[in-house]
Amino acid sequence: MTDITAIEHVFLDNSKKYIEDVIEYSDTILDIHNDIQDNKQNTEDNYTYAMDHINDEYNRLQSELDSKAYDLECMIDDLKQMIEDLQK
């Protein structure tokens, strides 16, 4: 059997404590890891939802503007026709 020096004994003792701490806190570390993953997923989901909502609102506004522009063009055409009729 080999003799363990004091330095080796301290190293082994500290290593044992470190391993015990890692094992003791592994569930907590895993929970933190899972929380981080959940937060990343929530952030991605929220971003996707926000971008979809923005896109839907943009499309709605664009459609509304197109409709109003068409209505104005029709009104302008009607006014032009009225002016032409009055000039006759």
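This is a predicted model: local features need pLDDT of at least 70, side-chain atom pairs count only at pLDDT 80 or more; totals for chains, interfaces and linings use all residues.
Residues are numbered from 1 along each chain as its sequence is written, and side-chain values use heavy atoms, with hydrogens and water left out.

**Entry: Asp13 and its partner**

I checked what Asp13 pairs with, and its side chain meets that of Lys17 in a salt bridge, 3.6 Å from N to O (a side-chain nitrogen of Lys or Arg within 4 Å of a carboxyl oxygen of Asp or Glu). Both residues lie in helix 1, four residues apart, about one turn of the helix. I read Lys17 as partly exposed, since its relative accessible area is 45%.

**Entry: Arg60**

I then went to Arg60, which is partly exposed at 43% relative accessibility. Its side chain forms a salt bridge with Glu57 at 2.6 Å, N to O, and Glu57 sits three residues away in helix 1. Glu57 is partly exposed, with a relative accessible area of 31%. Arg60 also forms a salt bridge with Glu64, the closest N and O atoms being 3.0 Å apart. Arg60 and Glu64 are four residues apart in helix 1, about one turn. Glu64 is partly exposed at 36% relative accessibility. Shared partners join Glu57, Arg60 and Glu64 into one salt-bridge network. I count three salt bridges by this rule.

I noted the spacing rule: an α-helix has 3.6 residues a turn, so residues three or four places apart point the same way.

**Entry: the helix**

I looked up the extent of helix 1 and found residues 6–87 (helices are DSSP runs of H or I, at least four residues, numbered from the N terminus). Helix 1 has 82 residues and reaches 115 Å from first C-alpha to last, close to the 122 Å expected at 1.5 Å a residue (1.5 Å times one less than the number of residues). I found a kink of about 50 degrees centred on Tyr25 (the angle between axes fitted to the seven residues ending there and the seven starting there).

I looked at Ile23, which lies in helix 1 and is exposed, with a relative accessible area of 59%.

Definitions and conventions: Helices (H or I, at least four residues) and strands (E, at least two) are DSSP runs, numbered from the N terminus. Buried means under 20% relative accessible area, exposed over 50%, partly exposed in between (1.4 Å probe, protein chains only).
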